[in-house]
Amino acid sequence: MFLEIKDLYFRYRNSKDYALKNVNFSVEEGEIICILGESGSGKSTLLRLISGLEIPQQGSIRIAGKTMVDDVTFVPPEKRNVGFVFQDYVLFPHLNVSQNILFGVREKDKSKREEILYRILKMLKIEELRDRYPYQLSGGQQQRVALARALAMDPSMVLLDEPFSNLDATLQESIRREIKDIIKSTGKTCIFVSHDKEDAIELADKIAIIHKGEIIFYAVNSVFRSSI
Ligand code: ADP
Ligand code: ADP
């Protein structure tokens with residue numbers, strides 16, 4: 001298994017209720033998983049734990065055979081090799097598209113950086129946007145740049161938080177398909193969260209339903225579809 005989550009419990013410091021309870025699930029390499037749940041069910045929190053932005057009170061997370069967190073271990077976010085695309089994109093407003101994409105890339109050699117940039121721009125079909133600033137981009141374009149920035153660091157896994165929520169319905173459908181193709185072509189493991197069943201059905205290999213911090217269903221897409 002590529003990602004293994006065991007007996008995870010998490011409570012925010014200022015809260016008496018657990019945001020995540022007894023979360024157990026595994027993801028195989030190259031799979032796209034949708035975490036489906038209502039607002040407040042714990043989706044973002046789960047991504048924050050996987051990426052290392054929060055530390056669980058109990059339980060363990062392993063990625064690619066290595067323990068990221070358990071009772072005695074904590075690997076910080078920058079050492080997890082996990083790409084994270086936040087709900088509101090958070091591109092750096094003062095950097096253009098190329099600079100945004102290359103921001104976290106460690107490669108120092110100028111021509112190699114240019115190669116990485118070119119490959120990513122091409123993969124996401126945003127070559128013509130390379131010199132634009134975030135305010136000059138539509139929602140769908142910003143979404144693509146945010147994904148480009150995450151993929152440029154060549155993460156072993158990408159986490160997407162409500163990737164389609166800020167896009168209008170027609171755009172959602174086309175971007176959904178595009179993003180699926182892009183992620184499948186990279187072979188990267190992907191976990192995305194959504195409150196929209198259509199997102200799950202269109203994109204995911206497997207679907208987990210989270211309710212009040214607990215995973216109450218986890219199955220392959222076809223099983224999910226026949227159960228609704
Ligand atoms: P979702 O992403 O499914 O909308 P969240 O993971 O954001 O849900 O939230 C899960 C629960 O944790 C909710 O009850 C929410 O109010 C609470 N929560 C989220 N962030 C914080 C925080 N920083 N401090 C305290 N409680 C939080
Ligand atoms: P989501 O879209 O994932 O549901 P929200 O809009 O609920 O996220 O939360 C936005 C921000 O507010 C997040 O950073 C989250 O951690 C924080 N937050 C959410 N619920 C609470 C809470 N009960 N107390 C403190 N911060 C919260």
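Is E173 buried, partly exposed or exposed? With a relative accessible area of 43%, E173 is partly exposed, a term for residues that lie between buried (under 20% relative accessible area) and exposed (over 50%), using a 1.4 Å probe and protein chains only.

## Basis of the report

This is a predicted model, in which local features need pLDDT of at least 70, side-chain atom pairs count only at pLDDT 80 or more, and totals for chains, interfaces and linings use all residues. Residues are numbered from 1 along each chain as its sequence is written, chains are lettered from A and ligands numbered from 1 in the order in which they are written, and side-chain values use heavy atoms, with hydrogens and water left out.

Several polar contacts (pairs of N or O atoms within 3.5 Å) join the ligand to the protein. A polar side-chain atom of N14 is 3.4 Å from a nitrogen atom of ligand 1. For S41, a polar backbone atom lies 3.1 Å from an oxygen atom of the ligand. Ligand 1 taken alone exposes 560 Å², of which the protein buries 59%; these areas come from the Shrake-Rupley method with a 1.4 Å probe.

## Salt bridges

The count of salt bridges comes to 11, where a salt bridge is a side-chain nitrogen of Lys or Arg within 4 Å of a carboxyl oxygen of Asp or Glu. One of them joins the side chains of R62 and E4, at 3.7 Å from N to O. R62 lies in strand β4 and E4 in strand β1, so this pair ties together parts that are 58 residues apart in sequence. Strands (E, at least two residues) and helices (H or I, at least four) are DSSP runs, numbered from the N terminus.

R144 and E178 also form a salt bridge, with their closest N and O atoms 3.0 Å apart. This pair links helix α4 to helix α5 across 34 residues. R144 is buried at 15% relative accessible area, whereas E178 is partly exposed at 23%.

Within helix α5, E173 and R177 are 4 residues apart, and are therefore separated by about one helical turn. Their salt bridge has its closest N and O atoms 3.5 Å apart.

Key. Polar contact = N/O pair within 3.5 Å; in protein donor to acceptor, adjacent residues only side chain to side chain.
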